[in-house]
Amino acid sequence: MFMETLDEVINHFPKREQQQILLANTFINERLNQKLCAHALRTAKILTTKGLSIETVVAGILHDTIYQSDATYTEIEQIFGTNVANVVKEASIIEKLRRAF
């Protein structure tokens, strides 16, 4: 199921952007459990079907990494760029606030 969802997301983008999706998938698989990885790919699929940008989809894949793993903003910024890192950071802040109340 993971591979099918990943393929659906990848195939939506041109070849030059597909590598970013694969890199994000590898990143989460090294840091998150299987349940969170499945959630991340479902999120990416939803964002992809809405026609959102590659940066938004990559951020969707990574959105739990700061909150749920040892990944850092700086690490994400270095690998995926500032825009993606900012979205992931904001998603982490929202999740922390949601869980606090």
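The model is predicted, so local features need pLDDT of at least 70, side-chain atom pairs count only at pLDDT 80 or more, and totals for chains, interfaces and linings use all residues. Residues are numbered from 1 along each chain as its sequence is written, and side-chain values use heavy atoms, with hydrogens and water left out.

**The core**

A nonpolar core is a set of buried Ala, Val, Leu, Ile, Met, Phe, Trp, Tyr and Cys residues joined through side-chain atoms within 4.5 Å. Buried means under 20% relative accessible area, exposed means over 50%, and partly exposed lies in between (1.4 Å probe, protein chains only). The largest core has 27 residues. Within this core, I21, L62, I76, F80 and V84 touch the most other members. Six helices, α1 (2-10), α2 (15-29), α3 (34-49), α4 (54-62), α6 (73-80) and α7 (82-100), each supply at least two residues of this core. Helices are DSSP runs (H or I, at least four residues), numbered from the N terminus.

Take V84. Leaving aside residues up to four places away in sequence, V84 touches E55, V58, A59, L62 and I76. Contact here means heavy atoms within 4.5 Å.

α4 is mostly covered, with seven of its nine residues buried. They are I54, V57, V58, A59, G60, I61 and L62.

α3 has 16 residues. The expected span of a helix is 1.5 Å times one less than its number of residues. N33 caps the N-terminal end of α3, with a side-chain oxygen 3.1 Å from the backbone nitrogen of K35. Just after α3, G51 takes a positive phi of about 80 degrees.

**Salt bridges**

A salt bridge is a side-chain nitrogen of Lys or Arg within 4 Å of a carboxyl oxygen of Asp or Glu. The whole structure holds four.

| Pair | Closest N to O distance |
|---|---|
| K45 and E8 | 2.9 Å |
| R16 and E17 | 3.1 Å |

K45 is partly exposed, at 30% relative accessible area. E8 is partly exposed too, at 36%.

E17 is buried at 18%, whereas R16 is exposed at 64%. Finally, E30, R31 and E75 are linked in a network of salt bridges.

Notes. A polar contact is a pair of N or O atoms within 3.5 Å; within protein, one must be able to donate a hydrogen and the other to accept it, and residues adjacent in sequence count only if both atoms are side-chain atoms.
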